Amino acid sequence: MKILVINGPNINMLGIREKEIYGTQTYQDLLNMISEFCRKEQIEVSFFQSNHEGEIVDEIQRAYGNYDGIVINPAAYTHTSVAILDALKAVAIPTVEVHITDTSKREDFRKISYIRLFAENTIQGRGLTGYLEAIDYLNEKLRI
């Protein structure tokens with residue numbers, strides 16, 4: 001099984017930005033944690049991070065025919081990007097939306113998720129381990 005993990009703007013700044021909200025683990029820590037988990041589960045994983053909406057759309061389109069599942073944390077684009085939603089709908093790859101924080105307990109604008117209109121599941125407020133839960137969800141679903 002092949003999973004693509006996509007991260008949106010500022011996720012590359014983990015461990016630097018708003019530590020009281022996002023914690024002290026770095027983006028590299030996140031990648032290492034996911035890689036180790038996927039190695040143990042015999043899942044092939046690739047990573048993509050961009051601060052640019054169009055690049056995320058392009059990566060989703062490139063995933064067509066190449067990946068079995070997508071885990072996406074679109075970050076701020078969660079609340080604004082119909083383009084990312086449309087790209088996910090176009091490729092129709094099983095997708096899980098992940099958020100490090102619980103967006104339902106934050107500012108009102110963060111409660112809106114365009115991505116949720118397509119995603120099969122949303123995991124939020126579980127810190128970095130939410131990514132592992134998302135991968136596990138796809139692994140169980142796709143191996144059945």
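Reply: A residue is called buried under 20% relative accessible area, exposed over 50% and partly exposed in between, with a 1.4 Å probe and protein chains only. The model is predicted: local features need pLDDT of at least 70 and side-chain atom pairs count only at pLDDT 80 or more, whereas totals for chains, interfaces and linings use all residues. Residues are numbered from 1 along each chain as its sequence is written, and side-chain values use heavy atoms, with hydrogens and water left out.

Helices (H or I, at least four residues) and strands (E, at least two) are DSSP runs numbered from the N terminus, and two strands pair if DSSP finds at least two bridges between them. The open sheet has five strands, in the order β2-β1-β3-β4-β5, with parallel pairing. At its edges stand β2 (44-49) and β5 (121-124), each with a single partner strand, so one side of each has no neighbour in the sheet. On average, neighbouring strands are turned by 20 degrees against each other, direction ignored. For such angles, axes are lines fitted to C-alpha atoms, for helices over the stretch in contact, and values run from 0 to 180 degrees between N-to-C directions.

Three bridges join β3 to β4, which run parallel, and Val 71 has Val 96 as its bridge partner in β4. Between these two strands the chain passes through helix α4 (residues 82-91), and this β-α-β crossover is right-handed, meaning that, with the strands pointing away from the viewer, the path from the first strand over the helix to the second runs clockwise. Five of the five residues of β4 are buried. On one side these are Thr 95, Glu 97 and His 99, and on the other Val 96 and Val 98. Four bridges connect β4 with β5, again in parallel; Val 96 has Asn 121 as its bridge partner in β5.

Two helices pack on the sheet. Helix α2 touches β1 and β2, and its direction makes about 160 degrees with that of β2. Helix α5 touches β1, β3 (69-73), β4 and β5, and its direction makes about 160 degrees with that of β3. Contact here means heavy atoms within 4.5 Å. Leu 142 lies in helix α5 and is partly exposed, with a relative accessible area of 31%. Beyond its neighbours within four places in sequence, Leu 142 is in contact with Met 1, Asp 68, Gly 69 and Pro 94. Although Leu 142 and Met 1 are 141 residues apart along the chain, their C-alpha atoms are separated by 8.0 Å.

The largest core has 24 residues, of which Val 5, Ile 34, Val 71, Tyr 131 and Ile 135 touch the most other members. At least two residues of this core come from each of β1 (2-7), α2 (27-41), β4 (95-99) and α5 (129-143). Apart from it lies another core, of 17 residues, including Leu 4, Ile 6, Ile 72 and Ile 115.

Conventions:
A nonpolar core is a set of buried Ala, Val, Leu, Ile, Met, Phe, Trp, Tyr and Cys residues joined through side-chain atoms within 4.5 Å.
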